[in-house]
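Please keep the sequence and the structure in view while reading.

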Amino acid sequence: MKLFRRAKRTPDYDPDGSDAELLGAVACGDSRALEILHRRHAPWLRARLRYRCGDPDVVDAALQETFLAVWKNAKTFTARGADGDAGAWIWTIAIRQLISQLRRRGNRWLGDTDPEPYEPVGEASAEDLVLLRIEHGPLGAALNNLSPELRLAIQATILDGLTVREAALMLQVPEGTVKTRVMRAKAQLREQLT
């Protein structure tokens, strides 16, 4: 008896539709949907990853691995909001890929080296301007004075906007540890900035 495997039928989607729709199509093997997601998310991902790592080759490798992971794991995405935005989900993958690349290549965090000047592409978004002011203002200097564990916790939860649970997964520590590190980091930042 022959068993026939049904070919996955790509669901109809609007190229301007939600990330959830596009990820549904990606899960069915639609590479065009992945291309649309890449065009939508790669620019801001690259800009944010560059804040974490000054080596453009490492950032490019992390970005490539991020969209490879999106291709392989699109079916695991669960939309949390009504708009189906997958930005936080993709960012979590991207930061993990960056950490993997850094561990593999033995590179250092941007905060441990002299950062290259930020080169804005086109109009800077409000988020980019805020991050730029944080990086080069007194808060950036205070962040660099924190221990790496505290700095990573505060970057993940405050600057990157991850939940405590997402930060715990990314940093591979319990959620309680993330909360404690964030609390200690805030106290040290308060002392430095007052």
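H2 and H3 cross in a right-handed manner. In this predicted model, H2 spans residues 31–52 and H3 spans residues 56–73. The two helices pack at an angle of about 145°, and their axes lie 10 Å apart. On the H2 side, the contact is made by Ser31, Leu34, Leu37, His38, His41, Ala42, Leu45, Arg46, Leu49 and Arg50. On the H3 side, the residues are Val59, Asp60, Ala62, Leu63, Phe67, Val70 and Trp71. Sorted by class, the contact of H2 with H3 comprises 11 nonpolar, three polar and three charged residues.

Helix H1 covers residues 19–27. Its buried residues are Asp19, Leu22, Leu23, Ala25 and Val26. These residues lie on the same side of H1, because the arc they cover around the axis is only 155°. After H1 comes glycine 29, which has a positive phi, near 95°.

Arginine 52 belongs to H2. Is arginine 52 buried or exposed? Its relative accessible area is 8%, and the cut-off for a buried residue is under 20%, so arginine 52 counts as buried. In sequence, arginine 52 is 100 residues from leucine 152, while in space the two C-alpha atoms are 10.0 Å apart.

Leucine 152 leads on to another helix pair. Leu152 is part of H7, the helix formed by residues 148–159, and is one of the H7 residues that meet H8. From H7, Leu152, Ala153, Ala156 and Thr157 take part; from H8, the partners are Ala167, Met170 and Leu171. Six of the residues in the contact of H7 with H8 are nonpolar, one is polar and none is charged.

The crossing of H7 past H8 is right-handed.

H8 itself consists of residues 164–171. Within H8, Glu166, Ala167, Ala168, Met170 and Leu171 are buried. Among them, Ala167, Met170 and Leu171 also meet H7. Just after H8, glutamine 172 has a positive phi of about 60°.

How values were computed: Residues are numbered from 1 along each chain as its sequence is written. This is a predicted model: local features need pLDDT of at least 70, side-chain atom pairs count only at pLDDT 80 or more; totals for chains, interfaces and linings use all residues. Side-chain values use heavy atoms; hydrogens and water are left out. Buried means under 20% relative accessible area, exposed over 50%, partly exposed in between (1.4 Å probe, protein chains only). Helices (H or I, at least four residues) and strands (E, at least two) are DSSP runs, numbered from the N terminus. Axes are lines fitted to C-alpha atoms, for helices over the stretch in contact, and angles run from 0 to 180 degrees between N-to-C directions. A crossing is left-handed if the near helix is turned anticlockwise from the far one by less than a right angle, and right-handed if clockwise. Contact means heavy atoms within 4.5 Å. Ala, Val, Leu, Ile, Met, Phe, Trp, Tyr, Cys and Pro count as nonpolar, Asp, Glu, Lys and Arg as charged, and the others, Gly among them, as polar. The arc is that of the directions from the helix axis to the C-beta atoms.
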